[in-house]
Amino acid sequence: MELAGKHLVLGLTGGIACYKIAELTRLLTKAGATVQIVMTEAATQFITPVTMQALSGRPVYTSQWDARMPNNMPHIDLSREADAIVIVPASTDFLAKLAQGRCDDLLSTLCIARDCPLLVVPAMNRQMWQNPATQRNVAQLRADGVEVLGPDSGSQACGEVGDGRMIEPEAAFEAICAFFQPKFLCGQRVLITAGPTFEPLDSVRGITNRSSGKMGFALALAAAQAGADVHLVTGPVALDTPWGVYREDVQTAQQMHDAVMAATPDADIFIAVAAVADWRVDHVAEHKIKKTGDGSLPTFSFVENPDILATVAKLPNPPFCVGFAAESGDLDVYGAEKRERKGVPLLIGNLGPLAFGRDDNEVMLFEASGTTPLPRAGKLDLARTLIAEIAKRAPKTGGALLS
Ligand code: C5P
C-alpha cells in the first residue's frame, strides 16, 4: 500500500473546501496511512468532528485545552507522532498565521512545535489568493521550506472564477504520496511514450495492438513523483493523466514521432514505452471501405513507420535513451540484440503477452555490462524501481551514454 506505515496529521481550517477532506481522508486511510484529524474552531462550522472521526477512525482534536492527552500537551504529542502535517484546506488567515509564526490555537501551535515536514493546501476566493499579503505569506512559507500544493483555478463556491480553489482530493492525495518518494530525478526533464498507436485503414477502421499504456503511465507518475518534469506522449488509452504530468495525445506512429522529435531538445531522459506499430498503410481510404458482395477482398500495401527510439538515439546530442522490448520468447537473446540495434544504453525487456494489460510485470535490464533481472511487482512499484535504476545511470545533464 502506497502510504503504509505513514502517520499524517491533517489540519482542517475554516473554508467550504472542508467537505473535500472527507474524501481525502478516505483515500489516505485506504492507502494505509493513519490519519489524525485536528480542526480549528472555524473548520468545525463546515464539517463536523463526528464525520471526520468516523472517517479517520480516531478521536478528533480541536482544542489546546483538550485533557485527553495524559501530559495535557496535545500540541507536542500530536506533532511528534507525525511523518508530516498537512493543512488542508489552508485558509488565508491560517497561511498568515503560519508565515508569522503565531500560535493561538491547537493547530497553529502544533505546526510551530513540529519536527516534521509541513504541507499546505490553500483554498480561498481568488481575490484573497491574489492579495499581495497572501502572496507574501505564501512566498515566506516556501522560503521556510513549507510545501505548497496548489491552488487550482476554476469556478469557486462564491460563484467567482479564478485561482484559489482547492486542488481536488485525488490530486492532494497524489501530491502527498509524491512528497514521500525519494527525489531521484529532481530537476531532470523526462520524455515518455506510452500506449499503442492506431494506424487507420479507412475513416473508421485501423490497426492497433493490446498495449494498455499502464506501464508507461506508471513510469510517468513515478518519474513525476521522483521530482522530474515529465512530458508524456501517449497513443489512445483509457487512463487518467498521472499527477503532475504534462500529457500529449496522439493516434498514429507518425504523430508520435513528430511529437517526440519536437520535445526531444528539452529532454534529459527519453523512455520509449509505447508499443508503436511497425507499419501503416500507404494510402488511407477516405471513406469506409465497402464490402463488394462478390467475395473480392480489399488489399492494402504497407510502408514502414519511423523507429522513434532509434531516431532519437541517433541524434547528435541525444537524451539518455531507454527502450522497452516486449518479446514472446528468448528474451535474453532478443533483448541484448535489440539494445544494440536501437543504439540505446539501457533496454528494459519483458515477455509481452505476459505484460500487456496486466497490473504487474517482470522485467530484465539489458545494458553493455550485462543483464539484471528484476522481480515481479505491481506496475507502480516496478516503475519506481526502474526510475531509481534509470536515475543511477543517466547523466544529470543529459547526453548519450552508449558504451
Ligand atoms: O522494435 P520494437 O518495437 O520491438 O522495439 C521496442 C522499443 O522501440 C520500444 O521502446 C518502443 O517504444 C520503441 N519503438 C519506437 N518506434 C517504433 C517501434 C518501436 O520508438 N516505430
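This is a predicted model: local features need pLDDT of at least 70, side-chain atom pairs count only at pLDDT 80 or more; totals for chains, interfaces and linings use all residues.
**Stop 1**

Start by colouring residues 7-179 as domain 1 and residues 189-393 as domain 2. Taken over C-alpha atoms, the centres of domain 1 and domain 2 are 40 Å apart.

**Stop 2: the ligand**

Now select the ligand and show the residues around it: A272, V273, A274, V276, P306, D307, I308, L309, G323, F324, K338 and K342. This shell is made up of eight nonpolar residues, one polar residue and three charged ones.

- from a nitrogen atom of the ligand to a polar backbone atom of I308, 3.0 Å;
- from an oxygen atom of the ligand to a polar backbone atom of F324, 2.8 Å;
- from an oxygen atom of the ligand to an N or O atom in the side chain of K342, 3.0 Å.

How much of the ligand does the protein bury? On its own the ligand exposes 440 Å², and the protein buries 88% of that. To see which elements build the shell, switch to cartoon view and pick out α11 (308-313), β16 (320-327) and α12 (331-342), each of which gives two or more residues to it.

**Stop 3**

While you are here, select D330, in the loop between β16 and α12. D330 is not a glycine, yet its phi is positive, near 50 degrees.

**Stop 4: the second largest pocket**

Next, select E174, F217, A218, L221 and L380, which are the closest to the centre of the second largest pocket among its 21 lining residues. The space in this pocket is about 580 Å³. Three elements to show in cartoon are α8 (169-179), α9 (214-225) and α14 (379-393), each giving two or more residues to the lining. By residue class, the lining has 10 nonpolar, two polar and nine charged members.

Where does this pocket sit relative to the domains? Both domain 1 (7-179) and domain 2 (189-393) contribute lining residues, so the second largest pocket lies between them.

**Stop 5: two cis peptide bonds**

Finish with a pair of backbone details. Select V88 and P89, which are joined by a cis peptide bond with omega about -5 degrees; P89 is part of strand β3 (residues 84-90). Then move to G150 and P151, where another cis peptide bond has omega of about 5 degrees. P151 sits in the loop between β5 (147-148) and β6 (152-155).

How values were computed. Residues are numbered from 1 along each chain as its sequence is written. Side-chain values use heavy atoms; hydrogens and water are left out. A residue is near a molecule or strand if one of its heavy atoms lies within 4 Å of it. A polar contact is a pair of N or O atoms within 3.5 Å; within protein, one must be able to donate a hydrogen and the other to accept it, and residues adjacent in sequence count only if both atoms are side-chain atoms. Accessible areas come from the Shrake-Rupley method with a 1.4 Å probe; for residues, only the protein chains shown count as cover. Helices (H or I, at least four residues) and strands (E, at least two) are DSSP runs, numbered from the N terminus. Ala, Val, Leu, Ile, Met, Phe, Trp, Tyr, Cys and Pro count as nonpolar, Asp, Glu, Lys and Arg as charged, and the others, Gly among them, as polar. Domain bounds come from an automatic or database domain assignment. On a 1 Å grid over the protein atoms alone, a cavity is a set of points where a 1.4 Å probe fits but cannot get out, and a pocket is an open set with protein on both sides within 12 Å along at least five of seven lines; lining residues have an atom within 4 Å of a point. Grid points are joined across faces, edges and corners, and a volume is the space filled by probe spheres set on the points.
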